[in-house]
Amino acid sequence: MKKNDSLAIHGGKPVRDTYLPYGKQWINNDDIEAVIDVLKSNYITTGSTINRFEKSVSEYVGAKYSVAFSSGTAALHAACFAAGIETGDEVITTPMTFAATSNSVLYCGGKPVFVDIDPQTYLISPEQVANHINAKTKAIITVDYTGGPADYNEIMKLAKEHDLIVIDDAAHALGSTYKGEKIGAISDMTMFSFHPVKHITTGEGGVITTNNKAYYDKLILFRNHGITRDPRLLSLSHGPWYYEMQTLGYNYRMTDIQAALGLSQLNRLDAFLLKRKTIANEYTKAFQSIKSVRVPMNLGDRESSWHLYVLRLDLTKLRVDRGTIYLALTEENIGVNVHYIPVYYHPYYRKLGYQKGLCPNAEKLYETIITLPLFPSMSQRDVDDVISAVQKVLGYYEV
Ligand SMILES: *Cc1c(COP(=O)(O)O)cnc(C)c1O
């Protein structure tokens, strides 16, 4: 390959003049008004807007309880605490995720056990989960990668047999359904993130949804320094001012300012989801006939909320590697990305003793994937530009 081979295809003009990011929030005037209302009110944190937001999230996903947090990562940490993860406990999870998933296990002193993905769906393999359960296993953290729900029938069955707690990292899956049922109350605890690239945003923020009152109480405690004023939970009382710190918690609270934004965004969630699905379908229609790529698998009775659109390259049909394709798309001003570097590749995890070769399917997937821009405020022009750029670049490099 000549040094500037990738630039050669754009000898002329790139497909776009301006850079298109891979993901982005969509804030409208209603959102702004809702935030202003809270800013003018008496409570900008620990007020009633949090409760209203939590209730709306519960209703949307069909769970009994929701606890909002300052981030999705804080929410995962709290879920691991509520699950009772402690030093010596093993927690089975997938490496095809953001580091926060397994970091939450480390925060509690537990040991993440990475198991491989199914090479077709890219989701955690129930067979691999089964193979790694032992006396130390305490929990499973599934990840609904790109929005596609994991195999919950199999995973919940394994969890029941072995008395394990299932936490769903559903940062990608707000609005996804598994056999007709919304993600949010299938596992023991489900985490959603409200980072700006996710389905709805609160700036930073996250939530745990659950049907379990005992987990709910622990999540509430953990979010607020381990402190409670709940008369049901106090060990004694000195008077009406009395509160108790019962465990080492954190300040992981979401503000009412954020909750107001979240509540307003929730009103448009279904429209956001529809737009994401429409764009994903357009991509699939345009790309399924290109011989050097594989489009995302249709998951049948599992409906994705399409957080990400991941194209898999067939490197045997290309004369360059993924890096060159990635760079070429960037030069077309298309904001591509790679989700994810297998978590245990990171230096911190390598120092903990994890080694390359642990999950061959995830490692192979990592070499071949590119995430394309996908967010609800994309215009038809933006979508057409992504399609043109992919066709142009792959057409150039196909053998
Ligand atoms: C976004 C994300 C998180 C973390 O959420 P934050 O709100 O950014 O802390 C965790 N897991 C996955 C898979 C994510 O995509």
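In the predicted model, seven strands are arranged as an open sheet of mixed pairing, in the order β1-β9-β8-β5-β4-β2-β3, where strands (E, at least two residues) and helices (H or I, at least four) are DSSP runs numbered from the N terminus, and two strands pair if DSSP finds at least two bridges between them. From one strand to the next, the twist averages 25 degrees; axes are lines fitted to C-alpha atoms, for helices over the stretch in contact, and angles run from 0 to 180 degrees between N-to-C directions. Within the sheet, β2 (residues 90–93) pairs with β4 (residues 137–143) in the parallel sense over four bridges, and V91 has A139 of β4 as its bridge partner.

Helix α3 (residues 48–61) packs on this sheet and touches β1, β8 (189–193) and β9 (206–210), its direction making about 130 degrees with that of β1, contact being defined as heavy atoms within 4.5 Å. Helix α7 (residues 152–162) likewise packs on the sheet, touching β4 and β5 (165–169), and its direction makes about 150 degrees with that of β5.

Residues are numbered from 1 along each chain as its sequence is written. Because the model is predicted, local features need pLDDT of at least 70 and side-chain atom pairs count only at pLDDT 80 or more, whereas totals for chains, interfaces and linings use all residues, and side-chain values use heavy atoms, with hydrogens and water left out.

The largest pocket holds about 540 Å³ of space; a pocket is an open set of points on a 1 Å grid over the protein atoms alone, where a 1.4 Å probe fits, with protein on both sides within 12 Å along at least five of seven lines, and lining residues have an atom within 4 Å of a point. Among the 20 residues lining this pocket, I220, R223, N224, I227 and R253 are the closest to its centre. Two or more lining residues are given by each of α3, α8 (213–223) and β10 (227–228), and the largest share, five residues, comes from α8.

Zero disulfides are present in the structure, a disulfide being a pair of cysteine sulfur atoms within 2.5 Å. The sulfur of C108 lies 5.1 Å from the closest cysteine sulfur, in C80, which is too far for a bond. C359 is in no disulfide either, the nearest cysteine sulfur, that of C80, being 18 Å away.

Note on methods: Points joined across faces, edges and corners; volume = space filled by probe spheres on them.
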